[in-house]
Amino acid sequence: RKYNVAILGATGAVGTELLALLEERNFPLGKLKVLASERSAGKSVKFADEDLIIEAVTESSFDDVDIVLASAGGSISKKWLPIATKAGAVSIDNSSAFRMNPEVPLIVPEVNPEAAAKHKGIIANPNCTTILLSVAIYPLHQVQPIQRIVAATYQSASGAGARAMEEVKLQSQAILNGEPAIAEVLPYPLAFNLFPHNSPMTDNSYCEEEMKMVNETRKIFDDPEIRITATCVRVPVLRAHSEAINLEFAQPFSTDKAREILASASGVQLVEDFSKNYFPMPIEASGKDDVLVGRIRQDISHPNALELWLCGDQIRKGAALNAVQIAELLIAKSLL
Ligand code: A2P
């Protein structure tokens with residue numbers, strides 16, 4: 001059987017990757033509908049050898065659609081996904097709008113595929129840094145429960161969308177030409193700079209991005225007790241995120257064992273050559289499906305803790321690929 005799919009936000013950074021993935025993965029695709037704002041209506045996007053005409057989203061957009069892949073921001077998802085549910089479609093949402101809703105499963109297929117069975121029409125795709133973290137550390141957590149996670153992230157411009165990526169390129173050019181770097185999409189110039197993540201500040205002085213890592217990891221692992229703290233930073237990288245992670249266990253966890261587990265973990269690629277200081281890098285993670293993990297070492301300040309470093313493509317596994325994998329999971333388990 002084939003499935004009719006609508007991409008909501010088809011012109012964006014994640015929407016563009018969703019199109020590429022549906023083609024590349026031989027998804028059992030029936031009709032494909034590309035939806036965006038009024039601004040893009042009538043323009044076209046490429047899919048396989050076809051030009052698909054973009055439609056502005058309307059009340060009737062989801063009639064005859066089986067799966068909605070939404071990536072147009074939280075307010076758009078809040079407005080349109082309940083309408084898609086009424087029309088009988090199942091939505092996989094990239095925004096944060098429904099992630100912490102107890103009625104909505106939050107899924108990383110390598111970690112908690114079983115949660116998909118409880119869906120009521122909407123499934124949430126987690127935050128990008130959380131997806132990359134979960135894929136890399138859950139295999140260790142299964143062998144010996146992690147008690148505390150300390151994370152520092154180095155997040156690319158792609159997390160703020162296609163326009164932010166363009167802005168970083170323009171700023172870089174401006175600076176090399178001796179001109180001022182203009183920031184319009186991001187709050188400060190990112191080229192040749194970095195700044196703590198620009199998501200809204202919360203009452204506890206952590207920004208929303210940091211609290212997403214805390215709350216979403218707990219929900220995905222189904223472990224409300226796990227302690228997590230994070231510092232999220234934007235860096236002038238175009239599309240892959242990096243994370244420095246410290247994991248604390250109840251007892252020592254040998255680096256050899258961690259390496260052996262991660263070498264065979266699904267969605268993970270071990271990348272490390274200590275003799276060459278060669279470890280995961282965002283330019284090598286870009287375009288790849290796997291999360292690259294390396295620099296696994298004993299924390300010299302704590303007998304029960306490990307350090308590791310990871311890079312993952314924010315647009316692929318951090319967003320579009322995870323969403324398509326959720327769709328594939330729904331099909332495989334007859335959950336549509
Ligand atoms: P458009 O290009 O028509 O503005 P990104 O995350 O890369 O910034 O992409 C955001 C996506 O969300 C784009 O495809 C954008 O389409 C879409 N979008 C933004 N506003 C709306 C809206 N009001 N209705 C539908 N799609 C929207």
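Predicted model: local features only at pLDDT ≥ 70, side-chain atom pairs only at ≥ 80, totals over all residues.
## Helix α8

The expected span of a helix is 1.5 Å times one less than its number of residues. With 17 residues, a straight helix would span 24 Å. The end C-alpha atoms of α8 span only 21 Å. There is also a bend in α8, of about 40°, at Asn-322.

How many of the residues of α8 are buried? The count is 13 of 17, so α8 is largely enclosed by the rest of the structure. Ser-334 follows α8. The phi of Ser-334 is positive, near 50°.

## Two domains

The chain is divided into two domains. Domain 1 takes in residues 3-126 and 319-332. Domain 2 covers residues 130-314. Between the C-alpha centres of domain 1 and domain 2 the distance is 25 Å.

The domains touch. On one side, 14 residues of domain 1 take part; they are in contact with 19 residues of domain 2. Which helix gives the most to the side of domain 1 that touches domain 2? That is α8 (residues 316-332), with 3 residues. By type, this side of domain 1 has 8 nonpolar, 4 polar and 2 charged residues.

## Around the ligand

A shell of 17 residues surrounds the ligand. The closest are Gly-12, Ser-37, Ser-40, Ala-72 and Gly-161. Two helices, α1 (13-24) and α4 (162-176), are the elements that give two or more residues to the shell.

Where does the ligand lie relative to domain 1 and domain 2? Both domains give residues to the shell, so the ligand lies between them. The shell is made up of 8 polar, 7 nonpolar and 2 charged residues.

## Ile-182 in its loop

Beyond α4 comes a loop that runs between α4 and β10 (195-196). Ile-182 is found in this loop. Is Ile-182 buried or exposed? Ile-182 has 10 other C-beta atoms within 10 Å, so Ile-182 is exposed.

Ile-182 still has contacts. Leaving out residues up to four places away in sequence, Ile-182 touches Gln-171 and Ala-174. Gln-171 and Ile-182 are 11 residues apart along the chain. Their C-alpha atoms are separated by 6.3 Å.

How values were computed:
Residues numbered from 1 in each chain as written. Domains from an automatic or database assignment. Contact = placed C-beta atoms within 7 Å. Helix = DSSP H or I, 4+ residues; strand = E, 2+ residues; numbered from the N terminus. Nonpolar A, V, L, I, M, F, W, Y, C, P; charged D, E, K, R; others polar. Near = placed C-beta within 6 Å. Bend = angle between axes of the 7 residues up to and from the residue. Buried ≥ 20, exposed ≤ 12 C-beta atoms within 10 Å, placed from the backbone.
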